[in-house]
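Visitor: I'm new to reading protein models. Could you walk me through this one?

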Amino acid sequence: MAFVPIYILILGFTIVIDYIAGIYIENSEGKRRKLFLVMSLIANIGVLAIFKYFNFLNDNFSFLMKGFGLQDPIPYLSILLPVGLSFHTFQAMSYTIEVYRGNQKAERHFGIYSLYVMFYPQLVAGPIERPQNLLHQFREKFDFDYDRVSSGLRLMIWGLFKKVVIADRLAILVDTVYNNPQGHKDSSLIIATVFFAFQIFCDFSGYSDMAIGAARVMGFKLMTNFRSPYQSKSVQEFWTRWHISLSTWFKDYLYIPLGGNRVAIPRYYLNIFIVFLVSGLWHGASWTFVIWGALHGIFIICGTITTNFRNKWSKKLYLDKITFLPTLITFILVGFAWIFFRADNFPIALYVITHLWSGFKEIVFNLINNLPIFEYLGISKFFALGLIIFLETINYYKDKYDIAYWFTSKPMAFRWTTYFVVALTIMVCGVFDNRQFIYFQF
Amino acid sequence: MEFLITDSLFISNFKDLKKFIIKSVVFLAVLSLVFFSLSLTLKRKYNPKTDYLAAIIDKHHRLNKIDSNRLILIGGSNLTFGLNSQTIVDKLNVNVINMGLHAGLGLEFMLNEVKPFIRKGDIIVLCLEYTLYLDDFKPDVDLISFTQHLYPPSKVYYHFNIEEKFLANYAKFKKHFEEQTIKIDPVFNREKFDKYGDNLGHLGLPGLKELRDKERIGKLEVDKSVKLIKQFETECKQKDAKLLISYVSYPKSQYQRNKKAIDDLNQLLHQKISSVTFINKPEDYIFNDDLFYDTVYHLNGKGREKRTERFIRDLKSFVVKN
């Protein structure tokens, strides 16, 4: 993943292709209309295939060819993955698809169309917008609105807090363990995996908050990308709360065209599985990402198949009285899948997985023997744990109440004290070491 | 004009905008005041007995103490975690003074700290991490300010500009509240250095599978570093000391990634500092990744021996001639 100025030409190429394709699609009918759409999709997917997937596919091809005694029959491309490529490509694709479907008029103004693809707050890591939501906003005029600007800035500060105070602090601990899993206790593997779940959430949702906040300051409304995902009661629900702009993209442009749930049951399960495999591949050109996506697909399929069975037995065993149980199980499943997302390669993921049980026993042993949690975790992990609890408390209330309204209705002294505390916490506890946003690489 | 009055954002919401600007200014002013008063009053926690950077005290002690037959090595931590000075002493019969500590201190600091102590007959070898040659390399102000705190005489080796002073103050302010990450790892510890200035703490420990500090060597502008090296060379000549440049050990995987840039850099340096002898080529020090410990510049025990052997081979003729 890299920012190389010359790579702006790639963006320019897809912008020109999609701009022209949009107009031609609108002006054509029948097969010609479809042809222009296909051409636009090929151009977009082609760029992705070259820059993101070529070396991965070649790697696998070379591996297969080794069996026939051939060493690297196709040369590797010495290219870098342009920053945010998957995001703006998907946003561009949604434009031509929506024009084709007749839900969006083709944009005649080249500057406005370019702005739609390159709108800076969400250019590199989303939310992946739809033309119906964003394009028309570029023609509107926004006056300075005190409440709107303040609310945008508040959201940006909250996003910054999540990124530099929580995500980057957790990253130090996670990286230490995942860079050398064999050199750490098994319980540390579990702790690092849990921390990674929150690291990636704060990293990505922190970016989304900043993007949405920055756009709001200027008057633009971007779609919500996260809604307290770790409060989900099933993996299916998790995907309605996590990276919403991507999951709805896949729903609208892949899952439904495949037939969605209006097909025979085996095909319905296959559709789900395909969507999650593609989603895994979208995240990265590596088998670990594919496995991560496949796991989510399997979780959802298994969840759907066993719904009646689980409901029946949880009632019989009174498990339905334990209200947090579904949330906990969902978190464990999602956390398990994160191992593949974080591990640099398959052997590392396998090592972590095969040591989870002994790690769990270590944690239980420490709890039974009443070892003080502070002493056991050490100051850094203890502080990180405190931040996670704080975050999830906020998310819990955010999920249930209008926390923004509650906050703005408080007296000025309270609000300003909060601003100072948050600003000073960012300055004191923030980690500023040029750590990139994880999702920039996608 | 009428358009401006009725439609302009500025005029139509002037009161709101004014309120917003005043509040923002007040907020930022109070925040800055709190920050500056805290940064002036807070003292950073440090432990000169164990802090890694406090090894500078021992290195300077040796630099002062030894007065003849000296081989002074200048560079970052590639020297600390990458050479066996004892072997060099045994094979070349010279007094090694390994000044390597941390690349983040920057070239200016490294050269300035040795400059006043150059003596007749010294052999000085620059073993600089590749990024140290590049103009866009920014010294780590936090590291420098911490080093200056641990070893006050080093205050003259690097002078902060206003922006760096602000960043250094901010770093001090931040570090007051958090533990030193550099202290967490027992390897990065003053007590792990030997008398020559090599760190032995990592020997025998398992290294990282994924090396840290991977870099992409970009923009090949070297004017600043060339100027510093030339000034240093003049000083060496005046004091009848010999200055040499050696390339540093680098992992094969990273070399492949940066091959063109490294080759171009080598060529550029030969053109611009033609009066200084380069005792080897970058490709002479490209080692397998498994010979590295934790970063792309830190060797493990095996790698350290291999590099030392090559270094002695490259240096031998210059020492004998001398």
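Visitor: In what order do the five strands of the open sheet in chain B stand?

Guide: First, the ground rules. This is a predicted model, where local features need pLDDT of at least 70 and side-chain atom pairs count only at pLDDT 80 or more, while totals for chains, interfaces and linings use all residues. Residues are numbered from 1 along each chain as its sequence is written, and chains are lettered from A and ligands numbered from 1 in the order in which they are written. Strands (E, at least two residues) and helices (H or I, at least four) are DSSP runs, numbered from the N terminus, and two strands pair if DSSP finds at least two bridges between them. Here the order is β2-β1-β3-β4-β6, with parallel pairing. β2 (95-98) and β6 (277-278) of chain B each have a single partner strand, so one side of each has no neighbour in the sheet.

Visitor: How many bridges join β1 to β3 in chain B?

Guide: Five, between residues 70-75 and residues 123-127. For instance, B:Leu71 has B:Ile123 as its bridge partner in β3(B).

Visitor: Now chain A. Which domains is chain A divided into?

Guide: Domain bounds come from an automatic or database domain assignment. Chain A has domain 1 (5-139) and domain 2 (146-441), and their centres, taken over C-alpha atoms, are 28 Å apart. Residues are in contact if their C-beta atoms, placed from the backbone, lie within 7 Å. Domain 1 of chain A puts 20 residues into the contact and domain 2 of chain A puts in 21. On the domain 1 side, α3(A) gives the most, with four residues.

Visitor: Which residues have the most contacts inside the largest nonpolar core?

Guide: A nonpolar core is a set of buried Ala, Val, Leu, Ile, Met, Phe, Trp, Tyr and Cys residues joined through C-beta atoms within 7 Å; buried means 20 or more other C-beta atoms within 10 Å of a residue's own. The largest has 90 residues, and A:Leu170, A:Phe195 and A:Phe340 are among those with the most contacts. Helix α7 (residues 186-218) of chain A gives the most, 19 residues. Both domains of chain A contribute, so this core lies between them. Zoom in on A:Leu170: leaving out residues up to four places away in sequence, its contacts are A:Phe195, A:Phe198, A:Gln199 and A:Ala384.

Visitor: And where the chains meet, how many residues does each give?

Guide: Chain B gives 18 and chain A gives 15. On chain B's side, the largest share, eight residues, comes from α3(B).

Terms used: Two residues are in contact if their C-beta atoms, placed from the backbone, lie within 7 Å. A residue is buried if 20 or more other C-beta atoms lie within 10 Å of its own, exposed if 12 or fewer, and partly exposed in between; C-beta atoms are placed from the backbone.
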